[in-house]
Amino acid sequence: MTPTAKSSRSRTRHTGAALVALSAATALLAGCSSGDTSDNPLEEEKTEAGTVVVGSNNFAESTLLADIYGEALRAKGLKVTYKHNIGSRETSYGLLKNGSVTVLPEYNGSLLAYLDPEAEQESTDAVNEAVKAELDKKLTLLDPSPAENKDSVSVNARTAKKYGLTESSTLAELKDAAPEMVIGGSPEFQTRQQGLKGLESVYGLKFKSFKALDAGGPLTLAALTGDEVQAADVFTTDPAIVKEKFVVLKDPENLFGFANVTPLVHKDALPQEGVDALNAVSAELDTETLLDLDTQVQSEKKDPLEVAKAWLKSAGLD
């Protein structure tokens, strides 16, 4: 893959309505993940000694992966509690550093872009080594899985037809159309290198405006489907891409880097049997499997905890 280009790297008019919708969406993403889940993931809580706290960021796939990790740890006899829907990486990383969270599902290349926006991404192994060099000394990455879920700039069917964009089209082909388009994504997407900053510096894209929504969640998907935005940051394993006929634009300059699902852990709080359990999960989890699990949760509206348990059983990890 082509290395990520170096560069300087995701509310609305009806603010009240948007906040209500976002609260409802967050509640839906949480699912019924565990009886041992904090109502407020940012609340400082005392946990029983030896308890592994599994966190997730505020989007559906992160919740599902946290449930997979947590139940795999429970299968090895570890006591587990959850902090779901913490927020963005900017928040969850801090909770890992201070020990409030023990384990978090991460995406290696995205984490590297957060830690070092100038870093090149040449291979999965190189990315993981670069992340480990930048991490707080109390943290480490475990084995990466083959499963990847990248950010993407996707356009809706109406926009694709208007500008003649297809599945073979690249981000560079948006240069002339971008000034006529509104792009949507999480608030962080506006300031990250793997976001608007990189889209401009790497591909020369300057959009008409940016609409702050959520991290590839229901607000973003609804806005893109309803043409409130013509392009959006959509995760590449999102079932809505096929359902809504979104067109994912290719990223030949590898702006969005690598995005292998990888456990990020607080070293001192996870015993070796926990490390082994999570590495076993990574060995079994590939992109096709992740897309299937996401479809069950996001399209079929199944409980993420039950989906996690069923997959672990099928993989012999329960």
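Mentor: A residue is called buried under 20% relative accessible area, exposed over 50%, and partly exposed in between, for a 1.4 Å probe and protein chains only. The model here is predicted, so that local features need pLDDT of at least 70 and side-chain atom pairs count only at pLDDT 80 or more, while totals for chains, interfaces and linings use all residues. Residues are numbered from 1 along each chain as its sequence is written, and side-chain values use heavy atoms, leaving out hydrogens and water.

Trainee: Why does lysine 301 count as exposed?

Mentor: Its relative accessibility is 66%, and the term begins over 50%, so lysine 301 is exposed. Lysine 301 sits in the loop between α11 and α12, where helices (H or I, at least four residues) and strands (E, at least two) are DSSP runs numbered from the N terminus. Its phi is near 60°, a positive value in a residue other than glycine.

Trainee: Is asparagine 85 buried or exposed, and what makes it so?

Mentor: Asparagine 85 has a relative accessible area of 11%, and therefore it is buried. Asparagine 85 lies in the loop between β2 and α3, and it too is a residue other than glycine with a positive phi, of about 55°. Most residues other than glycine have a negative phi.

Trainee: Why does glutamate 118 count as partly exposed?

Mentor: With 38% relative accessibility, glutamate 118 falls in the partly exposed range. Glutamate 118 belongs to the loop between α4 and α5 (124-134), and its C-alpha is 8.7 Å from that of glutamine 193, although the two are 75 residues apart in sequence.

Trainee: What makes α3 roughly perpendicular to α4?

Mentor: Helix α3 (residues 89-97) and helix α4 (residues 108-115) pack at an angle of about 90°, with their axes 12 Å apart, where axes are lines fitted to C-alpha atoms over the stretch in contact and angles run from 0 to 180 degrees between N-to-C directions. Roughly perpendicular covers 65 to 115 degrees, whereas under 35 is roughly parallel, over 145 roughly antiparallel and the rest oblique, and therefore α3 is roughly perpendicular to α4. Contact (heavy atoms within 4.5 Å) is made by Arg89, Glu90 and Tyr93 of α3 with Ser110, Leu111, Tyr114 and Leu115 of α4.

Trainee: How do you know that β6 and β7 pair?

Mentor: Pairing needs at least two bridges found by DSSP, and β6 and β7 have four, in the parallel sense. Valine 182, for example, stands opposite serine 209 in β7.

Trainee: What is the order of the strands in the open sheet?

Mentor: The order of the five strands is β7-β6-β8-β5-β9, with mixed pairing. The edge strands, β7 (209-212) and β9 (247-248), each pair on one side only. Strands β5 (residues 153-155) and β8 (residues 231-233) run antiparallel and are joined by three bridges, with serine 154 partnered by alanine 232 in β8.

Trainee: Which residues touch the most other members of the largest nonpolar core?

Mentor: A nonpolar core joins buried Ala, Val, Leu, Ile, Met, Phe, Trp, Tyr and Cys residues through side-chain atoms within 4.5 Å, and in this one, of 37 residues, they are Val54, Ile68, Leu73, Val103 and Leu270. The largest share, seven residues, comes from α2.
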